[in-house]
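Please read them with the model open.

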Amino acid sequence: MPHADLKYSNDLTLNASTILTSIETVIQTHDPGSGNCKGRAYPTAEFHHTHLLVEISMLPKAHRDTAFMAALSADLETTIKAYLSQPCSFSLMISFSSENYITNRFEP
C-alpha cells in the first residue's frame with residue numbers, strides 16, 4: 001500500500017484531495033496490484049519560497065525496477081503539474097520503505 005504526502009506552502013491554490021486521488025490512479029495504472037494509496041496533505045503557513053513537495057513511499061518489489069520507476073515518475077510529474085495553476089518550485093521523491101516497515105490493517 002503506497003503512501004503519498006503533499007507538503008506545500010499555503011499560498012498555493014490547489015485541491016489536495018483531487019491530486020491525491022490522481023496519484024493513486026497513476027500508481028494503480030502502472031502497478032495494478034499496488035492497492036490503495038494512503039494520502040495526506042500538509043499545507044504550511046510558514047515557508048520560504050512557494051513550493052510543492054510530493055513524497056511517495058512504496059514497498060520494494062522485483063517489478064519496480066529502474067524502467068518502472070522512470071515511467072512512474074514521469075507520469076506522476078505530468079499528472080500532478082496539470083493541477084497547478086501558479087508558479088512554484090516542484091519536487092517529487094519516490095522512495096522505497098525498508099524491510100522493517102510493517103503495513104497491514106487493524107480491525108477492532
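1. In the protein chain, 80% of the contacts with a separation of 6 or more are between residues 24 or more positions apart; contact means heavy atoms within 4.5 Å.

2. Basis. This is a predicted model, in which local features need pLDDT of at least 70 and side-chain atom pairs count only at pLDDT 80 or more, while totals for chains, interfaces and linings use all residues. Residues are numbered from 1 along each chain as its sequence is written, and side-chain values use heavy atoms, with hydrogens and water left out.

3. Elements. The protein chain holds two helices and four strands, in the order β-α-β-β-α-β from the N terminus. Helices (H or I, at least four residues) and strands (E, at least two) are DSSP runs, numbered from the N terminus.

4. Overall size. The C-alpha trace spans about 40 × 40 × 20 Å along its principal axes.

5. Burial. Of the 108 residues in the protein chain, 31% are buried. Buried means under 20% relative accessible area, exposed over 50%, and partly exposed in between (1.4 Å probe, protein chains only).

6. Core. The largest nonpolar core has 23 residues, and those with the most contacts inside it are Leu6, Ile23, Leu52, Ile56, Leu72 and Leu76. At least two residues of this core come from each of strand E1 (3–9), helix H1 (16–30), strand E3 (51–58) and helix H2 (66–81); H1 gives the largest share, six residues. A nonpolar core is a set of buried Ala, Val, Leu, Ile, Met, Phe, Trp, Tyr and Cys residues joined through side-chain atoms within 4.5 Å.

7. Leu52. Neighbours within four places in sequence aside, the contacts of Leu52 include Leu6, Tyr8, Ile80 and Phe90.

8. Two loop residues. Asp31, in the loop between H1 and E2, counts as buried because its relative accessibility is 6%. Beyond its neighbours within four places in sequence, Asp31 is in contact with His63, Arg64 and Phe68. His49 lies in the loop between strand E2 (38–44) and E3 and, at 54% relative accessibility, counts as exposed. Phi of His49 is near 80°, a positive value in a residue other than glycine. Most residues other than glycine have a negative phi.
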